[in-house]
Amino acid sequence: MKTIQNPILRGFCPDPCMIRTGDDYYIATSTFEWWPCVNLYHSKDLAHWEQLPSPLREPGQMDLRGDPNSGGIWAPDLSWDGQYYYLLVTNVTTKKGRWYNTHNYMSRAASITGPWSQPVYLNSIGFDPSLLHDTDGKCYLVNMVNGFKGVLVQQMDHETGALLGERRKVYSGSGIGCTEGPRIYHIGSWYYLVVAEGGTGYSHCVTIARSDNVFGPYETMPDNPLLTSDQNDLTAIQKCGHGSFVETQNGEWYMAHLCSRPNSARGSLLGRETALQKITWQDGWPRLACGGKIAQNAVPAPKDLPEVELPAMAEQDDFDVPALAPGYATPRTPLGDCVNLTVRPGWLRLTGQESMNSLHHVTLVARRQQEHEMQAETRMDFAPVCPEQMAGFTYCYDSMNFYLLGKTCAEDGTPVLELLKSDTGVVEDVCDPVPVPDGTLDFKLTTTPDGGMAQFYYRQPQGEWQSIGPACPTDILTDEHCRGFTGAHVGVYAHDMAGLHNHADFDYLNVHFER
């Protein structure tokens, strides 16, 4: 039997929403404070996925400046009504204490590649909005209520986004708690409500309820939940929940859901990822095709899927094209003139802005970590003129938790390398500064097979690699430590806190992941 290996989207790819139009499958995932907003993936077979340009990538479509770490864009919903694609997102601007500020928007496009309309504001009553395009042509907005107080349904004008009629609470949850991520599917004579429950940690699950009316009442599935994880088996994918259904061309059913691959210390360095389970229908309810409720590391493939051996993963970029490819991310905002691939052909130029711990203007270009064992390398040409300028290589989770290997200069102008560690915002030197000559330097980062430790290196081009500092524990870059949702990233970085607009040039960024 041909199988699909989980996760299908590896590394930070949470809260998947999967749809099919014709022979094409698409998945949209959350990006939180990372720009562009929403990651979008395409497949023909559910096993092999390519990343497409984000629907929300243009300046002015969304403003994430000042959004908290792991705020920003939560749980996008992607849908198709036969004429237009619709994308719903929440921009979470605060998420501390008693109140969350959650603003919901809708965009649409005639083609998945755009152009996408300017986002239209819908409401702010709760996060995780979704659309139901019903069989009678009516459209309904579905979202949870802040405070996990239940699921709301309200009719919506799909042309304008105007909300119509009464907003009704249709479901309070199964009793598991933390009811979120609601989607409604009209299948046959039933409306099926799919929600995430149990929180987004190890007790996460997918709950199912159904009704013969879109406004309920909804009955929870007997022997709920549909899906959860075996928390005692760390060789199995964990934190499984937040489901999205799709029917194949051949009438088979699958569910995309988020998951995590923690290490032996139960640290989720890779963030939350996207996995797939095959679904069957029994007595009018969806069930896992494998039986039981536990997510599987491998699932039966759809019919006619070719057998493909997955190679080691490498991402090599020589910066020889005029724009960054899909897969790169920057914090909160497009970099505009602070990123340039043409002024020095074959090099990426980054103009320094604010420091790494800012929530506004940070010049960082990063890629998500996709496997625990990783090697990343870059070459940098940078001439700092004051200690307020730094550029280099970062291994980061968010603005409060990161390692930074950067070139700067001492008060007397001597160029030095510094290896910095920020743990929940407390920044300290990992080792003493290392004097280096003027000119180009290479940087390298390697992690151990379990991802538990990271070692930084530097050299002059064609010279011998020299380690800098001791091996660094990566636990500060995990979801559990950071109380976040995004996983670790590796990238190139520059800041100029003197406001002199100094720049750093990078010749390449090569990242290799070992499965």
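The legends below describe several close-up views of a predicted model.

**View 1. Four strands of the predicted model form an open sheet.** The strands follow one another in the order β15-β16-β17-β18, and the pairing between them is antiparallel. The edge strands are β15, which covers residues 180-187, and β18, which covers residues 219-220, and each of these pairs on one side only.

**View 2. Strands β16 and β17 pair in the antiparallel sense.** Strand β16 is made of residues 190-197 and strand β17 of residues 205-211, and seven bridges link the two.

View 3. The side chain of N104 is joined to the side chain of T90 by a polar contact of 2.6 Å. When residues up to four places away in sequence are not counted, N104 touches V89, T90, V120, Y121, L122, N123, G126, F127 and P129.

**View 4. A cis peptide bond joins N6 and P7.** The omega angle of this bond is about -5 degrees. P7 itself lies in the loop that runs between β1, residues 3-5, and β2, residues 17-21.

**View 5. A cis peptide bond joins W35 and P36.** Here omega is about 5 degrees, and P36 is found in the loop between β4, residues 34-35, and β5, residues 39-43.

**View 6. The residue R266 has a positive phi value.** Phi of R266 is near 60 degrees, and this positive value occurs in a residue other than glycine. R266 is found in the loop between β20, residues 253-260, and β21, residues 273-282. With a relative accessibility of 31%, R266 counts as partly exposed, because this term covers the values between the limits for buried, under 20%, and exposed, over 50%.

**View 7. The residue D283 has a positive phi value and is exposed.** Phi of D283 is near 55 degrees, and D283 is a residue other than glycine. The place of D283 is in the loop between β21 and β22, the latter covering residues 285-288. D283 counts as exposed because its relative accessibility is 74%, where the cut-off for exposed is over 50%.

Key
Residues numbered from 1 in each chain as written. Predicted model: local features only at pLDDT ≥ 70, side-chain atom pairs only at ≥ 80, totals over all residues. Heavy atoms only, no water. Pairing = 2+ DSSP bridges. Polar contact = N/O pair within 3.5 Å; in protein donor to acceptor, adjacent residues only side chain to side chain. Contact = heavy atoms within 4.5 Å. Buried < 20%, exposed > 50% of the residue type's maximum accessible area, 1.4 Å probe, protein only.
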